[in-house]
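Hi,

Here is the structure I promised to pass on. Have a look at it first, then read my notes below.

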Amino acid sequence: MLLKVKLGNTVNIKNLVSAVANLPCNADLQSGTFVVDAKSILGVLSLPAKEFGVLKVDSDNPKICTPLLEHLEALGILCKEGPMIQKTTFLACALGEMLIDFTMQGRNEQGQRIFAQNAGGAPANVMAAMARLGARTAFIGKAGNDMHGRFLKETLDHNGIDSSGFILSDDYFTTLAFVDIKPDGDREFSFARNHGADKMLEKGEVPLDLIRNSGILHIGSVSLTDEPVRSTTLFAVQKAKEAGCVISYDPNYRNTLWKDEETARIQMRNMLKYADLVKISDEETTLLTGESDYEKAAESLLRQGVKIAVVTLGKLGAYVRTSDSGRIVKGFKNKAVDATGAGDSFWGGFLYQFSRCGKTPEEITVSDAAEFADFGNAVASVCVEHYGAIPAMPTMEQVAEKMKEERRI
């Protein structure tokens, strides 16, 4: 949890130190470029004189965070502005599709292809990646009240993702995707989505308190293909903007889910004006921006109001662009077996690092973004070495080990 707090005088500083002294977790105070132990009065007093600071509490547990928030508010030292200052339980919440990925796992003795049931759906994958790294996340969506939908809800719960906004419908069935894995680890999708529950999410089914209690709202473009979920997604994004949430957008184009490419182009581009952080692949640059060159595509996104643009480049890594500059961040060497969750795991790692930095999207430099992308590359590199999307999301320990390895030349 990140909190913007008032400093400015000795009374505020003493009250702050007293409030965090008995927390059962670490707490740091950042002022400018300096970071000290928030439980140490001498450390906090040693900071350069500043009116405000960012308190970093190493927990998202509401049993710890909520009493602290109430105490700081009562003391009058909690600031209420700042979109990335987490006065809430969730670092991020996603709205969109969660479905079953039936992933190709080889052939049986009769030569028939074997498909394994895995939980998937890009927005849910991103939340799973963040949760596996230790973040408190939530998911909003709809599936059928069938064997697949119940499996998906169990998956959310098992991975520590809040599922209170995930509806199981008796009227529609769970969307299915069949994923064929090629020899190089790339994949081909086939969807069973007619009358799929994910398309039928209504505005009245969106838990707005869940969104307001999240620092980031993450969406994709699959929820823009059909009504009513298209209008529901726009409604949620507008409410999130009003609440001061950062909007994360990964278009994640799937041509078979759209009526035609022109419809996809219009609807996918329409969401850019709301987005603060955008990730696209090098295969989506022309569709989203009209530019085939990834650097020009990223510049185009910034001209449309995006604060941080990232273009993933497959094995080459990623290109990050902020207001000050752009940079290529090289990927890691790996032995890929399944690229199903590659982009989602990368973005989950990127968002995890961004959400913990204490800066607004406008304050992020290209060096900051490059660090986030390097971490995201490590997350993705571990993920693609295993089958499935959510089951393959790595722990912080696995990512830390990968970070020690060489990047591609």
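Predicted model: local features only at pLDDT ≥ 70, side-chain atom pairs only at ≥ 80, totals over all residues.

Residues are numbered from 1 along each chain as its sequence is written, and side-chain values use heavy atoms, with hydrogens and water left out.

I started with strand β14, residues 277-281 (helices, H or I, of at least four residues and strands, E, of at least two are DSSP runs, numbered from the N terminus). Five of its five residues are buried (under 20% relative accessible area, with a 1.4 Å probe and protein chains only). Leu-277, Lys-279 and Ser-281 sit on one side, Val-278 and Ile-280 on the other, and both faces are covered.

β14 pairs in the parallel sense with β13 (residues 246-250) over two bridges; pairing takes at least two DSSP bridges between two strands. Opposite Leu-277 you'll find Ser-248. β14 also pairs with β15 (residues 308-312), again parallel, over five bridges, and there Val-278 has Ala-309 as its bridge partner.

Now the cores, meaning sets of buried Ala, Val, Leu, Ile, Met, Phe, Trp, Tyr and Cys residues joined through side-chain atoms within 4.5 Å. The largest has 54 residues, and Met-98, Val-320, Phe-350 and Phe-354 have the most contacts inside it. Helix α12 (residues 366-383) supplies the largest share of this core, ten residues. Another core, of 40 residues, lies apart from it and includes Ile-140, Leu-201, Leu-217 and Ala-264.

Cheers

Definitions and conventions:
Buried < 20%, exposed > 50% of the residue type's maximum accessible area, 1.4 Å probe, protein only.
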